Amino acid sequence: MTTSPRRRFWRYFSTYAFWALMTLITLIPIWWMLVVSMRTRVELFGRPNLMLSRIYLENYSNVLTDSTFQRYMTNSLVVSTANALLVMILALLATYALSRYKLAGRDNIFFWLITNRMAPPAAFLLPLYIMFTRTFRLGDWTLFDTQLGLILLYCVFNLPFAIWLLKGVVDGIPIELDDAAMIDGAGLWGVLRHVIIPLAAPGLAVTGILSWIFAWNEYLFAANLTSVVARTITTALAEFVTVTGTNWGELAAMSMITLVPSAIIVIFAQRYIVMGLTFGAVKE
Amino acid sequence: MRNPRVGWALLSPTLIILLIFGFAPFLYVLVVGFFDWNVFSAQDGLVFSGLDNFRRLVFDELFLTSVGLTIRFAVFAIGSEIVLGFVLAQMLTRNFPGKSLFRIIHTFPLMVAPIAVGAVWRLLVIPGFGPVPYFLDRWFDLTYQIGSYPDQALMTSVIMDVWHWTPFVTLTMLAGLSSIPREPVEQAKVDGANRLQVFWYVTLPFLRPVLLTTVFIRIMDAIRTVDEVWMLAGGGPGTRFSGIYIWRVTSPAASADWGYGSAVSLITLYLTIVLCWLLFIAISGRRKGEVE
């Protein structure tokens, strides 16, 4: 089949026109947020102007120098990073166990692990709240409003998908390599360190990145299981609307700051996003 | 050589964390749903009340409204996402320069925190300076106020959800489309099938598992949507979805009736499972019929 140059031109033209439109639709809401974040309160009202009139960064500097916001930001960074590391370690150990050892009911355990991700989080807020405030208590200390509480809790939705993702990776490493290392005198840690971790490194990295972003984005648990000390950046966004309600420029600036990690991750881990969101049911 | 005990030891930290933070709350909800327990009776402890909480739920108008709204929301949003996502994925199977750039931009909303998505859309639709109400009023003479018109609030939530989640459908469909073998498609064309017939008799059956998985995941998500819609409209009329209702009833800060909250959680879990199961039966049943 030969296509005439004219038809080919129209085909390219329509393709690009279509995708330009789609890109516009995707980006306009975010563009508007950028515009709002660079305006003063007064400039916002009146006829909406979709163009960026000038670079005005005071909203950003206000937000970034606010000590409450800094604390929220630190909390988010600490919780997401610690959770991602914990998930990577635990998931690696768990997948290694599931992949290499003959454990009774291995398939059922695997399936049960995964179902943990499916439950609607709002349904479990109440028991978790009671557990956090009453069950886990040492003197005056409770799990409520601590970074540790969130770090452990986020494992409930991050571990299942991490195990799903890593299971395929670890299963793909030939068991002969383990055996060879063992014959050379390596113990369990030796095998993990010199065989499994180097070969599973790309999978581990993706697991860590996606766990990090899920923890960073989480709102419902953070809002209900923390009060002052351990609040995260997503709860700051919600609070901003109800408490001070009016300063939209700062809200927009704060949202833009929250978006930064997402943008980076879309560029680097784009291929794995679907696997992460479907816990591996759809592979790309 | 491989001692199962070592395996269990490696698995145990994961199992312990998931049992404590995943399974224990589920058991708790399962039990407390059958007890009368609220802020006033907390001193007396739990009082067994059988199915009382569930009987109350059937007559709870707020709950029923929220379920109805959620179903409408899910049908509109997921329907549009599937159609749009399929078209976009089809467009991405062609090769053209710059394709991956477009795909990366298109994927962006997926990784944005739901609460930030809500903030983005709130800024677009807020009366006073949001461009959407302004231009709708100017060009179409339409009063747009999601605070006062439930239908507009519902539609705005649907559009927001479509913006946020269509990329997900596009990517799963793309994965599905690229795994379809070429031969059946070519053969159908040789046999004189037109595009629509190829789509209906070849592409669609191959795509069915992926389609099903995608719909399942989207349904589960739609039922538990809280953050973004709450941020968009603050639970105003037209956005009182069941996710938000459950959150209000079970939220430790706002709620005073824990037994009832647990019953609502249980019923929602149950409805989610039944819905997915029915869908599964419907789709796989039809498939069997076609083969015969």
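Q: Which residues of H12(A) are met by residues in H1(A)?
A: In this predicted model, the H1(A) side of the contact consists of Met33(A), Leu34(A), Val36(A) and Ser37(A). Sorted by class, the residues of this contact of H1(A) with H12(A) are seven nonpolar, three polar and no charged. The residues in H12(A) that they meet are Trp248(A), Gly249(A), Ala252(A), Ala253(A), Ser255(A) and Met256(A).

Q: Is H1(A) roughly parallel or oblique to H12(A)?
A: The axes of H1(A) and helix H12 (residues 248–269) of chain A come within 7 Å, and they cross at roughly 125°. The crossing is left-handed, and its angle makes the arrangement of H1(A) to H12(A) oblique.

Q: Which residues of H12(A) make the contact with H3(A), and how do the two helices lie to each other, roughly parallel or roughly perpendicular?
A: Helix H3 (residues 58–65) of chain A packs with H12(A) at an angle of about 70°, the axes being 8 Å apart, and the two are therefore roughly perpendicular to each other. From H3(A), the contact draws on Asn59(A), Tyr60(A), Asn62(A) and Val63(A). By class, the residues of this contact of H3(A) with H12(A) comprise five nonpolar, three polar and one charged. On the H12(A) side the residues are Gly249(A), Glu250(A), Ala253(A), Met254(A) and Ile257(A).

Q: How many residues of domain 2 of chain A are in contact with domain 1 of chain A?
A: Chain A is divided into domain 1, covering 1–56, and domain 2, covering 59–277, and the centres of these domains, taken over C-alpha atoms, are separated by 34 Å. The contact between them involves eight residues of domain 1 of chain A, and on the side of domain 2 of chain A the number is nine.

Q: Which helix supplies the largest share of the side of domain 1 of chain A that touches domain 2 of chain A?
A: Helix H1 (5–37) and helix H2 (41–44) of chain A each supply at least two residues of this side of domain 1 of chain A, the one that touches domain 2 of chain A. By class, that side has four nonpolar, two polar and two charged residues. The largest share, four residues, comes from H1(A).

Q: Which residues in H4(B) are met by residues in H1(A)?
A: The axes of H1(A) and helix H4 (residues 99–107) of chain B come within 9 Å and cross at roughly 30°, so the two helices are roughly parallel to each other, and their crossing is left-handed. From H1(A), the contact involves Trp19(A), Met22(A), Thr23(A), Thr26(A) and Leu27(A). By class, the contact of H1(A) with H4(B) has five nonpolar, three polar and no charged residues. The residues met in H4(B) are Phe102(B), Ile105(B) and His106(B).

Q: Which helix of chain B gives the most to the side that touches chain A?
A: The contact between the chains takes 72 residues from chain B and 76 residues from chain A. By class, the side of chain B that touches chain A has 51 nonpolar, 17 polar and four charged residues. With 16 residues, the helix that gives the most to this side of chain B is H1 (residues 4–32).

Q: What percentage of the residues of chain B count as buried?
A: Chain B contains 12 helices and two strands, and the pattern along its sequence is α-β-β-α-α-α-α-α-α-α-α-α-α-α. Among its contacts with a separation of 6 or more, 68% are between residues 24 or more positions apart. Of the 292 residues of chain B, the share that counts as buried is 41%.

Q: How far apart in space are Leu88(B) and Val169(B), C-alpha to C-alpha?
A: Leu88(B) lies in helix H3 (residues 61–93) of chain B, and it counts as buried because it has 22 C-beta neighbours inside 10 Å. In sequence, Leu88(B) and Val169(B) are 81 residues apart, while in space their C-alpha separation is 9.2 Å.

Q: Is Asp145(A) buried or partly exposed?
A: Asp145(A) is placed in the loop between strand S2 (141–142) and helix H7 (147–171) of chain A, and it has a positive phi of about 65° although it is not a glycine. Since 16 other C-beta atoms lie within 10 Å, Asp145(A) is partly exposed.

Key: Residues numbered from 1 in each chain as written. Chains lettered and ligands numbered in written order. Predicted model: local features only at pLDDT ≥ 70, side-chain atom pairs only at ≥ 80, totals over all residues. Contact = placed C-beta atoms within 7 Å. Nonpolar A, V, L, I, M, F, W, Y, C, P; charged D, E, K, R; others polar. Buried ≥ 20, exposed ≤ 12 C-beta atoms within 10 Å, placed from the backbone. Domains from an automatic or database assignment. Axes fitted to C-alpha atoms, helices over the stretch in contact; angles between N-to-C directions. Parallel < 35°, antiparallel > 145°, perpendicular 65-115°, else oblique. Left-handed = near helix turned anticlockwise from the far one by under 90°.
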